[in-house]
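This briefing concerns a predicted model. It takes up the nonpolar core and then the pairing of strands.

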Amino acid sequence: MASNSIKISLILLLTTFICTEAELGQLKETRMTVYFQDWSGGPNATVLQITGHQNGPLSFAKFGSVFVTDDPITEAFDKNSAEIARAQGIYVTSALDGTISHVLISIIFTIEEYKGSTLEIQGASPQFERVREVAVVGGTGKFRLARGYATFETIHFDLAVHYVVIQCNVTVLHY
């Protein structure tokens, strides 16, 4: 009797797996390069420190500092190029020595082709390294069940106006 239950359970499991695969379609790979336009000061700041705040500049290297972000993402380096998405999320300085920031970012697409779709990024980012790599752990819409990686590289830094451009290269597999 038990062996019939196991057989039926396996058949149901396989049927569910086959039906799910058929609904999702073919696995695709997408690669893209986008630019985070990051303003950490002034009246139009897109990054705010919400804990560990001190008067003066943001303290990215202070353990326990928490930041929220809502950066415009553009298709090119120039801040006036077309906005294609928003980077909304949280950064937490998670290493005692201040060298690692844990990032939780949703890239929310605003352009027609991907409008409403998201990529979910998470991981430890060695914030003072030239290139930082974090995981793409999920996605929605056109990027359903995404998995992959993203690299971040600061390519422009203007301390006088608190402006940074971060190049983000994304490689994802999705349905």
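The largest nonpolar core in this predicted model has 28 residues. Phe36, Ile105, Ile107 and Leu119 are those with the most contacts inside this core. Two or more residues each come from β1 (28–39), β3 (66–74), β4 (83–93), β5 (100–109), β6 (118–126), β7 (131–140), β8 (147–158) and β9 (163–174). With five residues, β9 gives the most to the core.

**Nonpolar residues in general**
- Nonpolar side chains tend to be buried together in soluble globular proteins.

**Contacts of phenylalanine 36**
- Neighbours within four places in sequence are left aside in this list of contacts.
- Phenylalanine 36 is in contact with Asp71, Pro72 and Ile73, and also with Ala87, Ile105, Ile107 and Phe152.
- Further contacts of phenylalanine 36 are Val164, Val165, Ile166 and Cys168.

- Being buried here means having under 20% relative accessible area.

**Strands that pair with β3**
- β1 and β3 are antiparallel and pair over two bridges; tyrosine 35 has threonine 74 in β3 as its bridge partner.
- Strand β2 (residues 47–51) also runs antiparallel to β3, and four bridges join them; the bridge partner of valine 47 in β3 is threonine 69.
- Nine bridges link β3 and β4 in the antiparallel sense, and valine 68 stands opposite isoleucine 90 in β4.

Terms used. Residues numbered from 1 in each chain as written. Predicted model: local features only at pLDDT ≥ 70, side-chain atom pairs only at ≥ 80, totals over all residues. Heavy atoms only, no water. Core = buried A, V, L, I, M, F, W, Y, C linked by side-chain atoms within 4.5 Å. Buried < 20%, exposed > 50% of the residue type's maximum accessible area, 1.4 Å probe, protein only. Contact = heavy atoms within 4.5 Å. Pairing = 2+ DSSP bridges.
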